[in-house]
Amino acid sequence: MDRFLFLTFDGLSRGAVYAAFALALVLIWRAARIVNFAQGAMAVATAYVAYSVADATGSYWLGFIVALVAGLLLGAGVERVVMRFVDHSSPLNGVVVALGLVLIIQGVLGMVYGNEFRPATAPFSRDGFDVGGIALLSNYDLFVFGAVGAVVVLLTLLFTRTPTGLRMRAAAFAPDVSRLLGVPVGGMLTLGWALAAAVGSLAGMLVIPTELGLHPTAMDIVFISAFTAAVVGGLDSPIGSVLGGLIVGLLLSYISGYLGATVAPMAVLALLVVVLLGRPDGLFSRSAKARTA
Amino acid sequence: MSALLEVEGLTAGYGAAPVLHDVSLTVQAGQIVAVLGANGAGKSTLLRTLSGLLPAEKGRVVFDGQDLRGIKVERMVHLGIAHVPEGRGVVTELTVDENLRLGGLWRKPQPSLAPIYELFPRLAERKGHLGHQLSGGERQMLAIGRALAAQPRLLLLDEPSLGLAPKITAQIMTLLRDLRDRTGLAVLLVEQNVRSALSIADQGIVLSLGRIVTRHDAATLVDDADLRHAYLGF
């Protein structure tokens with residue numbers, strides 16, 4: 001039972017990061033109908049910048065803020081300079097361009113920072129509190145929950161309570177009609193990419209200290225888990241992506257806890273295959289119902 | 001007095017073959033102009049070109065003294081042109097209230113939606129419903145209400161009667177006439193339902209294969225049997 005509790009909390013903490021990263025994928029999917037395979041590489045790039053700033057100034061938090069701002073700028077830049085010019089007549093075009101971006105970003109990071117793991121410090125202790133003899137939550141876990149929770153709440157408020165959020169949703173669902181109503185659709189798309197990339201950067205900042213450290217490919221494995229989370233939840237469903245992230249986090253934690261860490265990546269892929277075969281629209285997607293209505 | 005909308009020698013279409021040829025027309029403030037003609041005559045293309053969704057190949061469009069060449073689609077509503085596209089263009093994933101708010105969103109401060117709900121009590125009842133839960137008539141009301149929330153001076157209305165029961169079509173036509181009389185709204189009304197359109201229009205224009213073949217006062221078009229037979233087929 002102790003072990004189960006420990007694995008549950010560990011899984012939720014990990015899952016929260018996947019949830020944030022999956023949310024970033026869903027934001028772009030909803031806005032542009034592109035799965036942003038470059039999201040991991042983009043997040044790593046901003047993490048490198050963040051740790052450079054943190055090293056130079058001695059302030060982790062300054063670096064943290066820089067990561068988020070760099071995410072916003074990188075996201076906006078990728079949309080404005082690259083993705084806007086992709087011919088969307090075939091869905092594969094966006095994927096291929098995104099994969100090209102991965103190669104470019106990882107290549108540049110390797111040239112600038114070197115292809116070795118660099119230490120990435122965490123801003124809080126990762127030692128768990130002792131609760132009845134089991135080390136459950138650490139300060140860092142609480143930070144992760146708080147940060148991801150804040151992002152989910154802020155994005156929900158943005159999309160449901162503000163004129164800009166309404167514009168962004170309308171532009172995603174019906175670009176031509178939105179244009180006729182005076183919505184600057186291109187600007188909304190740029191904003192969507194910027195926000196998504198910033199959320200991706202946040203996820204990167206949260207997960208990199210818990211893994212081996214900074215490396216150009218540090219987010220590749222995380223991307224697979226988060227992509228699975230987004231598919232499990234339904235690529236169209238922000239709430240689904242958050243729940244999907246938690247599900248994948250728990251699954252990974254239980255599998256590596258009870259069956260061994262080497263099995264865990266296979267379990268993620270197995271989940272992806274099962275969901276794609278059984279419910280390709282995701283467990284929490286409303287779109288299937290809406291389409292038949 | 002110069003016209004609210006002046007179109008001169010407009011040629012436009014999709015790709016190589018133009019759909020519209022050398023179309024000229026004017027709409028005065030407070031005037032309803034019906035654009036009639038068979039399927040494929042270029043009626044929707046005309047509206048899409050006027051609102052900037054399609055680029056014009058040749059010709060000039062002047063709205064309230066301003067040449068519209070090069071004006072972005074999303075700026076049109078700022079100038080006072082609202083386009084209700086064919087198929088109604090309700091954002092089905094948004095609620096009735098969100099759709100309506102979207103219409104007035106570009107205005108600072110944002111206008112109250114109360115007058116729109118007063119005009120369409122049915123929409124007030126269905127405020128929180130999603131677009132895809134509405135009936136065809138409700139969607140049409142929502143699309144028109146949303147356009148009116150932008151407080152336009154010119155309404156480009158594409159086939160409002162499409163798929164609607166005659167009673168609802170009549171309601172919408174009456175509403176348009178009242179709006180014109182009360183607010184001086186100008187309407188360029190594309191319709192296949194000739195009788196309905198001419199019942200409220202001041203002027204009728206008949207398009208055939210992308211060219212204007214005749215234009216008359218609405219009353220003349222309805223009353224003159226020869227014209228009716230020749231151009232409207234009834």
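This is a predicted model: local features need pLDDT of at least 70, side-chain atom pairs count only at pLDDT 80 or more; totals for chains, interfaces and linings use all residues.
Q: Which residue of β8(B) stands opposite B:V33?
A: Strand β8 (residues 186-190) of chain B runs parallel to β3(B), and 4 bridges join the two. In β8(B), the residue opposite B:V33 is B:L188.

Q: How many bridges join β3(B) to β9(B)?
A: One facing pair places B:V35 opposite B:I205 in β9(B). The two strands run parallel, and the number of bridges joining them is 4.

Q: Which residues point one way from β3(B), and which the other way?
A: In a regular strand the side chains alternate between the two faces of the sheet. A residue is buried if 20 or more other C-beta atoms lie within 10 Å of its own, exposed if 12 or fewer, and partly exposed in between, with C-beta atoms placed from the backbone. By that rule 5 of the 5 residues of β3(B) are buried. One way point B:I32, B:A34 and B:L36; the other way point B:V33 and B:V35.

Q: Is strand β9 of chain B largely enclosed or left open, and how many of its residues are buried?
A: Strand β9 covers residues 203-208 of chain B and has 6 residues. It is largely enclosed by the rest of the structure, because the number of its residues that are buried is 5.

Q: Which residue takes a positive phi in the hairpin of β9(B) and β10(B)?
A: Strand β10 (residues 211-217) of chain B pairs with β9(B) in the antiparallel sense over 6 bridges, and B:V206 stands opposite B:T214 there. The hairpin has 2 residues between the strands. The residue with a positive phi, near 50°, is B:L209.

Q: Why does B:Q31 count as buried?
A: B:Q31 lies in the loop between β2 and β3 (32-36) of chain B. Beyond four places in sequence, B:Q31 is in contact (C-beta atoms, placed from the backbone, within 7 Å) with B:A186, B:D202 and B:Q203. B:Q31 is also 150 residues from B:D181 in sequence, yet 9.0 Å from it in space, C-alpha to C-alpha. B:Q31 counts as buried because, inside 10 Å, its C-beta neighbours number 20.

Q: Which strands of the open sheet of chain B stand at the edges?
A: The sheet has 4 strands in the order β2-β1-β4-β5, with antiparallel pairing. Each edge strand has a single partner, so one side of it is left without a neighbour in the sheet. These edge strands are β2 (17-27) and β5 (66-67) of chain B.

Q: What angle does helix α1 of chain B make with β2(B)?
A: Strand β1 (residues 5-14) of chain B runs antiparallel to β2(B), with 7 bridges between them, and B:E6 has B:T26 as its bridge partner. Helix α1 (residues 43-50) packs on the sheet, touching β1, β2 and β4 (56-63) of chain B. Axes are lines fitted to C-alpha atoms, for helices over the stretch in contact, and angles run from 0 to 180 degrees between N-to-C directions. The angle between α1 and β2(B) is about 70°.

Q: Which elements give two or more residues to the side of chain B that touches chain A?
A: The contact takes 20 residues from chain B and 18 residues from chain A. The elements on chain B's side are α2 (73-79) and α3 (96-104).

Q: What is the radius of gyration of chain B?
A: The radius is taken over C-alpha atoms, and the globule rule is 2.2 Å times the number of residues to the power 0.38. For 234 residues a compact globule would come near 17 Å, and chain B agrees, with 17 Å.

How values were computed. Residues are numbered from 1 along each chain as its sequence is written. Chains are lettered from A and ligands numbered from 1 in the order in which they are written. Two strands pair if DSSP finds at least two bridges between them. Two residues are in contact if their C-beta atoms, placed from the backbone, lie within 7 Å.
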